[in-house]
Amino acid sequence: FLQPLARQTSLFALARCRVAAARRPLPLGTAIRWLRSSTGGRRSDDQGSAEDGTSAGDGGGSSAASGSGSAPSGGSSSSDAGPAGAPALFALPLYRKPAFPGFYQIVQVSEQGVLDFLIALRKNGQGDYLGGFMTKSLPSKVQDSEPSEPPKGATGLARQNLRRDAGRVASVAELEEVGTVLQVINLTPYPNMEGGQVVVMPHRRIRRTRVVSGPSPNVALAAVAVEYLEEPEIPKDDEQIKALRLEIVAKMKELLTTSFLFKEQFEQVIKFYDLDNPLKLADLVAGMSLAQRGELQAVLEENELVERLQKVLTLAQKDLEFAKLQSKVKTQVEEKVSKDQKKLMLMEQMKQIMKELGIEKDDKQTLITQFRDAIKDKTIPEEANKVIEAELTKLSQLEPSSSEFNVCRTYLEWLTCLPWGKLTEENKDIARAEQILNEDHYGLEDVKERILEHIAVSFLKASTQGKIMCMVGPPGVGKTSISKSIARALDRQFYRFSVGGLHDVSELRGHRRTYVGAMPGKLIQCLKITQSSNPVILIDEIDKLGRDGRGDPSSALLEILDPEQNNSFRDHYLDVPVDLSNVLFVCTANVLDTIPAPLLDRMEVIRIAGYVFEEKLAIANQYLIPQTVEQSGIGPDQLTLEEAALHKMIGEYAREAGVRQLRK
């Protein structure tokens, strides 16, 4: 990038070539071709073949062929702009973009044969200058190139998918006519893969006039005769050129504030580059541009100064628009990063810092990870989620040996084990529900019809809200068993707890966490056991609730069984709202007289009367006798029960309303 350094390097290389040329005579074939090219003469193919043979005899092997392009460039150059009057140069095909004069470029050569040929020229002192010509179209091997499998033992450089900037072509016709003189500064082979990189300094524009020799299996590059293209003169005090130059500089300054890539390149060049020279400025902007191959080649070939500046200005404008679009997309992507993701990143960084400082323990981190995994796929309400996050943060700062750590851990275990938003898929087939009820119970047609009506309305509303059923009847008529049948008919989980003789309100609503051994109430325990937010909960013996100085459980049930309030039920232990609106509550009672009126008002009473003789006979034959045979283990073939004996048992020994005594 440094112009003074480039000039100094070029002079040093030319001086070295002059000394080499003075000490070693040129091969005969090389000298003939050089002289003929210098005088404008042409040779036939037969003459060329004879000269190649002579060169092979004098110089030996392929080095003679290589001398045709490099001997003039290395032995007769007299200026830092390239070999003076260079008649023939080896043409290096450039795949991606042309080389513009003025600053160093690194060319990645992917083919080992081309690199070996260039190294051989350098060893013979004949490869200081090349002609860089871009291919007319991007070769298919470059377009379809895929990352290859690196060789065993390859280093990190070999594993990279390196770009392919130069290689070989089958014919000179594939190359553009206008190119650049390239001074080869350095050749570096890759240590563990084919190819290498070539550092070149482009000097002047050249035009290909004729083909000296085409590429062959032994000679990787073609030799072509070239002529220098004169740069256009810069008129003094031309307002149009001055305006174009200033506009290009303005576009570049705007581009520098938008794209970091252009800023980094431009800052390295701007200190040593002459931006007052329109030609230098045009080559600089075109060399840094990301435009298409054809547009860059058109700038290289343009010989009119105004037209060249206008084309360069167009390229700068396109690069600026692309940079703005890229910046806009980047801004949009960054805005999409949510606050939760940023918080998660900061939390992870904090964990690593605390772990490095020895503050974080591995077992504690594992525990926090388990809690987060437990709630990962659950739909947690906002208030409960805030409490969980606060408790997790608190747990991460506590020492495992402290008593508060175990309290916080137990609290998080209850919060994370609840089925937040998890519902069991219900059976919506009324016929199947009726079949299940008939399988489990005989008779009770009015009760079954009322239950099916409840289920049907729930299906129509897609909600069980408002359905609090209370089965009232004498003992043994099947109140508890028919509640289990309701859960089986709906394909829901079933949970039962009895409130007979219950005095403590904390059994329903939980204990405060300030007490030692505090636990949630029965409803929260039910959700944990069933792992479903819509189970069937049977509250048994609701007519036998107790009441003393520790509270009134019937008053606590008012909120639980109220459809308008139980969607935000607060347990004393959890102290976060829990939705019970999807729960189907079923209560059982023997009498209604002892149930408080406000509580009875929230329930729909379904009365189950006792069984008559015929119903008991059918129940005994269909249910009780098979169950008794199975439970006793005697087998059906060993039992003989006369019909008269069964009638006598029902009529004289089991006269109660239910069938519990008959089962005995």
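Close-up 1. Helices here are DSSP runs (H or I, at least four residues), strands are runs of E with at least two, and both are numbered from the N terminus. This is a predicted model, where local features need pLDDT of at least 70, side-chain atom pairs count only at pLDDT 80 or more, and totals for chains, interfaces and linings use all residues. Residues are numbered from 1 along each chain as its sequence is written, and side-chain values use heavy atoms, with hydrogens and water left out. The axes of α10 (residues 278-288) and α12 (residues 305-336) come within 10 Å and cross at roughly 35°; axes are lines fitted to C-alpha atoms over the stretch in contact, with angles from 0 to 180 degrees between N-to-C directions.

**Close-up 2. Who touches whom between α10 and α12?** Pro278, Leu279, Ala282, Asp283 and Val285 of α10 meet Leu305, Arg308, Leu309, Val312 and Ala316 of α12 (contact means heavy atoms within 4.5 Å). Sorted by class, that's eight nonpolar, no polar and two charged residues (Ala, Val, Leu, Ile, Met, Phe, Trp, Tyr, Cys and Pro are nonpolar; Asp, Glu, Lys and Arg are charged; the others, Gly among them, are polar).

**Close-up 3. A salt bridge joins Arg570 and Glu383**. Their side chains meet at 2.7 Å, N to O (a salt bridge puts a side-chain nitrogen of Lys or Arg within 4 Å of a carboxyl oxygen of Asp or Glu). Arg570 sits in strand β10 (residues 569-570) and Glu383 in helix α15 (residues 382-397), so to speak distant parts of the chain, 187 residues apart. By this rule, the count comes to 30 salt bridges.
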